[in-house]
Amino acid sequence: MKIFTILLFISFSLTLQLESKPQPIPPGNNPLKPTKCFSFSASKRILNKIYLKSGHNKTFYCGCTFSEDKKIDPQVCGYIARKSTNPRSTRLEWEHIVPASFFGKNLQCWIEKICIKGNGERYKGRRCCRKQSEKFKKMEADMHNLVPSVGEINGDRSNLPYGIIEGEKRKYGKCDFEKENGSVEPQESIRGDIARSYFYMSIQYQIKLSDSLEDMLREWHFSDPPDKWEREKNTLIEQEQGNRNPFIDFPEILIRDVNDF
């Protein structure tokens, strides 16, 4: 199975002119440095404080402001609920950019009913992995993969892959987020953030990315480089979690497929 390694560019350019030999990550920026987080619920509480204290309390896809009590203000961003009766349309939720099903699908606890309820019934999936797998708990709690989202958007995206959708079939008012034919399309200004989360998760937890997905993410990574807030957030997360996303620190690095890591 192909894993992933890191190559360092001779120069940073959209033409992706690479050296032929792998180059090391600068000292002190090991992408495999372990995290301190094992609790998804704790990570959400920490992130909520980080976003509010820094004044960047806006949802990822739509830019709606949210309050300390996890309420969304749709008027600020022009968000209109796809389903007006959905209570999640005014609620803040924390979404995994790389879905739990994507990083959990190869774990035994996700695919086999190895957990047992009090009544003897066996089960699998997220609930089982939270009990059985330390690796899953780390991945689920990793703050480099979590973003604030309008609850309805989080629910509608679910575990659908990102992609490019022809046309602008808006279903959420002014929010630049489309869902069609089994995929979702985010606005261009956050596509690099998405790519760098995928790259980080693939390196940190040895998660395989398909060639087509990696190609798309690579394009997003370079067309939307890290901004000031993404860099600041990287540091704030490090203070709580103990590690950084190297693709934010060094946007000139890139993952490539190899036979060994």
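A disulfide here is a pair of cysteine sulfur atoms within 2.5 Å. All the views come from a predicted model.

**View 1. The C64–C77 disulfide.** The sulfur atoms of C64 and C77 sit 1.9 Å apart, so the pair passes that 2.5 Å cut-off. Its torsion about the S-S bond is 80°, making the link right-handed. C64 lies in the loop between helix 1 and strand 2, and C77 is in helix 2 (residues 74–77), 13 residues apart. C64 counts as buried because its relative accessibility is 0%; C77 counts as buried too, at 12%.

**View 2. The C62–C175 disulfide.** Here the sulfur atoms are 2.0 Å apart. The S-S torsion of C62 and C175 is about -70°, so this one is left-handed. The bond ties together distant parts of the chain, 113 residues apart: C62 comes from the loop between helix 1 (40–54) and strand 2 (65–66), C175 from the loop between helix 7 and strand 8 (178–180). Both C62 and C175 are buried.

**View 3. E152 and its surroundings.** E152 belongs to helix 7 (residues 151–157). It's buried but has no salt bridge, since the cut-off is 4 Å and the nearest side chain of opposite charge, R82, is 4.5 Å away. What E152 does have is a side-chain polar contact with the side chain of Y79, at 2.3 Å. Other residues in contact with E152 include N86, R88 and Y172.

**View 4. The largest nonpolar core.** This core holds 61 residues, and Y79, Y162, Y198 and L217 have the most contacts inside it. Helix 8 (residues 191–205) is the top contributor, with eight residues. Among the contacts of L217 are I194, Y198 and F199.

Terms used. Residues are numbered from 1 along each chain as its sequence is written. This is a predicted model: local features need pLDDT of at least 70, side-chain atom pairs count only at pLDDT 80 or more; totals for chains, interfaces and linings use all residues. Side-chain values use heavy atoms; hydrogens and water are left out. Helices (H or I, at least four residues) and strands (E, at least two) are DSSP runs, numbered from the N terminus. Buried means under 20% relative accessible area, exposed over 50%, partly exposed in between (1.4 Å probe, protein chains only). Lys and Arg count as positive and Asp and Glu as negative; His and the chain ends are not counted. A polar contact is a pair of N or O atoms within 3.5 Å; within protein, one must be able to donate a hydrogen and the other to accept it, and residues adjacent in sequence count only if both atoms are side-chain atoms. Contact means heavy atoms within 4.5 Å. A nonpolar core is a set of buried Ala, Val, Leu, Ile, Met, Phe, Trp, Tyr and Cys residues joined through side-chain atoms within 4.5 Å. Lists of a residue's contacts leave out its neighbours within four places in sequence.
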